[in-house]
Amino acid sequence: MSDYVAELRVEALISAQGCPEPIVERMLRTAMVDFYRESLSWRYTTEVASVVAGFPDVEIPLPEFTLIGRVYWAKLDGKVLSAVSPRNIDGSRKGRATGYAINGISRTIQLNAIPEESFILNGVQANVALMPMPTLVDLPDELFNSHRDGILYGAISKLLAMPNVPWSDLNSAMIYGNM
């Protein structure tokens with residue numbers, strides 16, 4: 001795991017000379033969140049989550065300080081579930097779920113039927129794109145190594161685009177923003 005803020009702080013400070021460190025750190029966090037929200041490049045296959053009879057909402061086990069950005073596939077008892085719009089889920093239908101929905105950005109998958117039986121060891125498993133929260137401190141090394149420049153350039157672009165500050169440089173901000 002890499003403390004991406006500590007790793008990138010010096011490079012960002014050099015590019016935005018005179019910028020206070022807390023602002024640089026905030027922009028690094030914001031750039032990291034924006035990068036993974038826009039690119040959906042943090043792919044993750046979850047552990048199996050238990051399904052309890054009578055409860056259609058399933059809390060998906062995710063790394064700390066992350067949310068589901070997109071679901072690529074979900075399975076219940078080894079069978080692939082279909083993606084369904086949340087408004088098409090009838091909260092009173094009982095039986096075996098054949099689909100799922102995500103209500104906004106969350107850590108929960110809602111099944112399209114209220115399960116009549118529990119699935120403890122063979123519950124819901126999903127492959128998702130994760131979106132980190134700004135409070136995330138450590139990125140997995142493989143993600144940091146692959147995306148460090150995208151996060152760094154995003155932060156530098158934000159810093160240089162700030163108006164009425166000594167380190168402002170709109171031309172350079174546009175260049176970093178397009179890298």
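How many positive and negative side chains does the protein chain have, and how far apart do the centres of the two sets lie? I looked this up first. I found 15 positive and 20 negative side chains, with the two centres 8 Å apart. Lys and Arg count as positive, Asp and Glu as negative, while His and the chain ends are left out. Each charge is placed at NZ of Lys, CZ of Arg, CG of Asp or CD of Glu.

A note to myself on the model: it is predicted, so local features need pLDDT of at least 70 and side-chain atom pairs need pLDDT 80 or more, though totals for chains, interfaces and linings use all residues. Residues are numbered from 1 along each chain as its sequence is written, and side-chain values use heavy atoms, without hydrogens and water.

Next, I checked the overall build. I see four helices and 11 strands in the protein chain (DSSP runs: H or I of at least four residues, E of at least two, numbered from the N terminus). The radius of gyration is 20 Å, well over the 16 Å that the globule rule gives for 179 residues, so the chain is more spread out than a compact globule. That radius is taken over C-alpha atoms, and the rule is 2.2 Å times the number of residues to the power 0.38. The C-alpha atoms fill a box of roughly 65 × 30 × 25 Å along the principal axes.

β7 runs parallel to β8 (residues 99-101), joined by two bridges. Ala83 sits opposite Tyr100 in β8.

Conventions
Pairing = 2+ DSSP bridges.
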